[in-house]
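Work through the exercises below with the sequence and the model in view. Each task is followed by a solution in steps.

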Amino acid sequence: MPERFLSSEEYDEQAHKLYNDGDYDGALKILKEGLALYPNALDLYVGLGYAQLAREEYAWARRAFEAAVVLDPSHEDANVGLGEVLLRFGEQGRALALFKEVVSNGHENDIHLMLTIGRALYKAEMYTNCRDIFAQVALAQPTSADAAASLGYALVSYTHLRAHETLRYLVCR
């Protein structure tokens, strides 16, 4: 009996499970198989981008997220992923514009998406920006431990940065 084909959603679900288990290689393999059958499957491109991002394959991740954005320019996960990759390439202005667009399109209450934006900004050492995002999430979701902890880390990092700048100013005067 021939093996049945999986739908693009089933490929995405399988890859998502592997990704969540930390098996990025397995997720990548499933996503590529799915894309070979469904070359216009937006969610497979987004998943591919995040799997490649996790493997620190930034150029390949960028390519996957850009392909997803071509299919749907307003797709929030694709734009957040692309923004995170752009930060890795030093394109802060473009990344911030994508993040701002996602938030302005009504996704400011999506805690997962907002935390992803904040964490990307934190990794890029953009502490003022990530502090603002995490504060927005903490206000919108006051019972979220993730939001509170993320805001705390951002505030500590921001405070250390400001203290370092102040000391540098005082010493170099």
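**Exercise 1.** Find the helix that holds S150, decide whether S150 is buried or exposed, and list what S150 touches.

*Solution.* S150 belongs to helix α9, residues 145–172; helices here are DSSP runs of H or I with at least four residues, numbered from the N terminus. The model is predicted, so local features need pLDDT of at least 70 and side-chain atom pairs pLDDT 80 or more, while totals for chains, interfaces and linings use all residues. Residues are numbered from 1 along each chain as its sequence is written, and side-chain values use heavy atoms, without hydrogens and water. Next, the accessibility: S150 has a relative accessibility of 9%, so S150 counts as buried (under 20% relative accessible area; exposed is over 50%, partly exposed in between; 1.4 Å probe, protein chains only). Last, the contacts (heavy atoms within 4.5 Å): with residues up to four places away in sequence not counted, S150 touches L115, R119 and F134.

**Exercise 2.** Where does H75 lie, and which backbone nitrogen atoms does the side chain of H75 reach?

*Solution.* H75 is in the loop between α4 (58–71) and α5 (76–88). Its relative accessibility is 11%, so H75 counts as buried. The side chain of H75 lies 3.4 Å from the backbone nitrogen of D77, and a polar atom of that side chain is 3.2 Å from the backbone nitrogen of A78. Beyond its neighbours within four places in sequence, H75 is in contact with L42, D43 and V46.

**Exercise 3.** Which members of the largest nonpolar core touch the most other members?

*Solution.* A nonpolar core is a set of buried Ala, Val, Leu, Ile, Met, Phe, Trp, Tyr and Cys residues joined through side-chain atoms within 4.5 Å. The largest one has 49 residues, and F65, V80, L87, F99, I117 and L121 touch the most other members. Helix α3 (residues 42–54) gives the most to this core, with eight residues. Now take L121: apart from neighbours within four places in sequence, its contacts include L87, F99 and I133.

**Exercise 4.** How are the rings of Y122 and Y127 arranged?

*Solution.* Rings of Phe, Tyr and Trp (its six-membered ring) pair if their centres lie within 6.5 Å; planes under 30 degrees apart count as stacked, over 60 as edge-to-face and the rest as tilted. By this rule there are four aromatic pairs. For Y122 and Y127 the centres are 5.4 Å apart and the planes stand at 65°, so the pair is edge-to-face. Y122 is partly exposed because its relative accessibility is 27%, whereas Y127, at 15%, counts as buried.

Notes: Helix = DSSP H or I, 4+ residues; strand = E, 2+ residues; numbered from the N terminus. Polar contact = N/O pair within 3.5 Å; in protein donor to acceptor, adjacent residues only side chain to side chain.
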